[in-house]
Amino acid sequence: MTHRHATDVVSLVFGIFFAGCAATWLMYVVGLIGWAGVGLALPIVMIVTGAIGVLASVASRTASQD
């Protein structure tokens, strides 16, 4: 039987980042957003991904100190 392993936070954060970039590109290709939308969506994706990374780092640091 297989044992569950801990979540790799770095891989999860990069996966969220690349999925957000791909979703932005797809919306541009389909025509839902223009260049201005891309210029707004990509920084939002980066900020949200960075915030998730910081929160995960803080959570793992506090969990290891307990």
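Student: In which helix does R61 lie, and is its side chain buried or exposed?
Tutor: R61 lies in helix 2 (residues 35-65), where helices are DSSP runs of H or I with at least four residues, numbered from the N terminus. This is a predicted model, in which local features need pLDDT of at least 70, side-chain atom pairs count only at pLDDT 80 or more, and totals for chains, interfaces and linings use all residues. Residues are numbered from 1 along each chain as its sequence is written, and side-chain values use heavy atoms, with hydrogens and water left out. Since buried means under 20% relative accessible area, exposed over 50% and partly exposed in between (1.4 Å probe, protein chains only), R61 of helix 2, at 55% relative accessibility, counts as exposed.

Student: How many Å apart in space are R61 and M1?
Tutor: Along the sequence, R61 and M1 are 60 residues apart. In space, going from C-alpha to C-alpha, the separation of R61 and M1 is 31 Å.

Student: What distance separates the end C-alpha atoms of helix 1, and what span should its residues give?
Tutor: Helix 1 runs over residues 9-30 and holds 22 residues; the expected span is 1.5 Å times one less than that number of residues. The helix should therefore span 32 Å, and this agrees with the distance between its end C-alpha atoms, which is 31 Å.

Student: Which residues of helix 1 are buried, and what arc do they cover around the axis?
Tutor: The buried residues in helix 1 are V13, G20 and T24. The arc is taken from the directions that lead from the helix axis to the C-beta atoms. These three residues lie on the same side of helix 1, because the arc they cover is only 35 degrees.

Student: Which exposed residues does the face of helix 1 turned away from its buried side carry?
Tutor: W25, one of them, is found in helix 1 and counts as exposed because its relative accessibility is 57%. V30, also placed in helix 1, is exposed as well, with a relative accessible area of 57%. The list of exposed residues on the face turned away from the buried side of helix 1 reads F18, W25, V29 and V30.

Student: How many Å separate the C-alpha atoms of V30 and G20?
Tutor: V30 is exposed, whereas G20 is buried. The two residues are ten residues apart along the chain, and their C-alpha atoms are separated by 15 Å.

Student: What is the C-alpha separation of W25 and A51?
Tutor: W25, in helix 1, is 26 residues along the chain from A51. The C-alpha atoms of W25 and A51 are separated by 22 Å.

Student: How far apart in space are A22 and L42?
Tutor: A22 is found in helix 1 and, at 41% relative accessibility, counts as partly exposed. The sequence places A22 and L42 20 residues apart. From C-alpha to C-alpha, A22 and L42 are apart by 10.0 Å.

Student: Which residue follows helix 1, and what is its phi near?
Tutor: The residue that follows helix 1 is G31. The phi of G31 is positive, with a value near 105 degrees.

Definitions and conventions
Helices (H or I, at least four residues) and strands (E, at least two) are DSSP runs, numbered from the N terminus.
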